[in-house]
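Q: I have a structure open and would like to go through its packing with you. Shall we begin once it is displayed?

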Amino acid sequence: MTSKSFQELRVYRLSERLADDIWKIVNSWDIFAKDTIGKQIVRSADSVGANIAEGLGRGSYQDNRRFVKIARASLNETQHWLRRAYTRNLLTVQQINELTALINDLAPQLNSYLQSIGASPKNHD
């Protein structure tokens with residue numbers, strides 16, 4: 001597999017930014033919102049980057065691809081929780097627009113990264 005570290009991947013850095021932005025927002029919520037939707041959305045957002053990192057560290061293209069698919073599912077879950085938070089008036093229009101723009105950048109990056117895993121002829125043993 002590649003010698004590139006997960007920290008160098010643009011898709012990973014975008015996932016970190018999403019998770020950090022969500023953390024900052026949730027941190028300002030009241031205790032009930034933090035304990036319900038807040039914990040869920042922070043976990044799902046953190047899971048995107050965690051699965052990218054774990055997949056790259058697994059040592060095989062198949063495992064890496066599987067974990068990127070899990071990261072993609074975690075991103076979908078994050079979108080679900082963002083919708084719930086917005087509907088329940090926990091997010092402003094500006095916050096949801098900024099997070100949506102980030103997700104709209106991250107989602108195709110995840111798909112491209114998934115397609116690239118094992119695709120280079122120089123990576124085949």
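**Contacts and helix packing**

A: Ser74 is in contact with Ser44, Ser47, Val48 and Asn51, leaving aside its neighbours within four places in sequence. Please note that this is a predicted model.

Q: Where does Ser74 lie?

A: Ser74 is part of helix α3.

Q: Is Ser74 buried or exposed?

A: Ser74 is buried, because its relative accessible area is 7%, and the cut-off for buried is under 20%.

Q: Which other residues of α3 are buried?

A: Besides Ser74, the buried residues of α3 are Tyr61, Asn64, Phe67, Val68, Ala71, Leu75, Thr78, Trp81, Leu82 and Ala85.

Q: And what do the buried residues of α3 pack against?

A: They pack against α1, which covers residues 10-26, and also against α2 and α4.

Q: What span should α3 have at 1.5 Å a residue, and what does the model give?

A: Helix α3 runs over residues 61-87, and its 27 residues should span 39 Å at 1.5 Å a residue. The C-alpha atoms at its ends are 39 Å apart, so the model agrees with that expectation.

Q: Let us turn to the pairing of α2 and α3. At what angle do they pack?

A: The angle between α2 and α3 is about 160 degrees, and their axes are 8 Å apart. The two helices are therefore roughly antiparallel to each other, since angles over 145 degrees count as such.

Q: Which classes of residue make up the contact of α2 with α3?

A: By class, that contact has 13 nonpolar, eight polar and four charged residues.

Q: What is the handedness of the crossing where α2 passes α3?

A: The crossing of α2 past α3 is left-handed.

Q: Now for α2 and α4. How do their axes cross?

A: The axes of α2, residues 31-57, and α4, residues 93-116, cross at roughly 15 degrees and come within 13 Å. That crossing angle makes α2 roughly parallel to α4, because angles under 35 degrees count as roughly parallel.

Q: Which residues meet there?

A: From α2, the residues are Val48, Ile52 and Leu56; they meet Leu106, Leu110 and Tyr113 of α4. The contact divides into six nonpolar residues, no polar ones and no charged ones.

Q: And the handedness of α2 passing α4?

A: α2 passes α4 in a left-handed crossing.

Q: Staying with α4, which of its residues are buried?

A: They are Ile96, Leu99, Leu102, Ile103, Leu106, Leu110, Tyr113 and Leu114. These buried residues pack against α1, α2 and α3.

Q: How many residues does α4 have, and what is its reach?

A: α4 has 24 residues and reaches 35 Å from its first C-alpha to its last, which is close to the 34 Å expected at 1.5 Å a residue.

Q: I also marked Gln109. Where is it, and what does it touch?

A: Gln109 lies in helix α4. Not counting residues up to four places away in sequence, Gln109 touches Arg10, Val11 and Leu14.

Q: What is the relative accessible area of Gln109?

A: The value is 26%, so Gln109 is partly exposed; that class lies between the limits of 20% and 50%.

Q: How far apart are Gln109 and Ala50 in sequence and in space?

A: Gln109 and Ala50 are separated by 59 residues in sequence and by 16 Å in space, C-alpha to C-alpha.

Q: Is Asn89 buried or exposed?

A: Asn89 counts as exposed, because its relative accessibility is 68%, and the cut-off for exposed is over 50%.

Q: Finally, the chain as a whole: what is its secondary structure?

A: The chain has four helices and zero strands, in the pattern α-α-α-α along the sequence. Its C-alpha trace spans about 55 × 25 × 20 Å along the principal axes.

Q: How much of the chain is buried, and what share of contacts joins residues at least 24 apart?

A: Of the 125 residues in the chain, 39% are buried. Among contacts between residues at least 6 apart in sequence, 74% join residues at least 24 apart.

Conventions: Residues are numbered from 1 along each chain as its sequence is written. This is a predicted model: local features need pLDDT of at least 70, side-chain atom pairs count only at pLDDT 80 or more; totals for chains, interfaces and linings use all residues. Side-chain values use heavy atoms; hydrogens and water are left out. Axes are lines fitted to C-alpha atoms, for helices over the stretch in contact, and angles run from 0 to 180 degrees between N-to-C directions. Angles under 35 degrees count as roughly parallel, over 145 as roughly antiparallel, 65 to 115 as roughly perpendicular and the rest as oblique. A crossing is left-handed if the near helix is turned anticlockwise from the far one by less than a right angle, and right-handed if clockwise. Contact means heavy atoms within 4.5 Å. Ala, Val, Leu, Ile, Met, Phe, Trp, Tyr, Cys and Pro count as nonpolar, Asp, Glu, Lys and Arg as charged, and the others, Gly among them, as polar. The expected span of a helix is 1.5 Å times one less than its number of residues. Buried means under 20% relative accessible area, exposed over 50%, partly exposed in between (1.4 Å probe, protein chains only).
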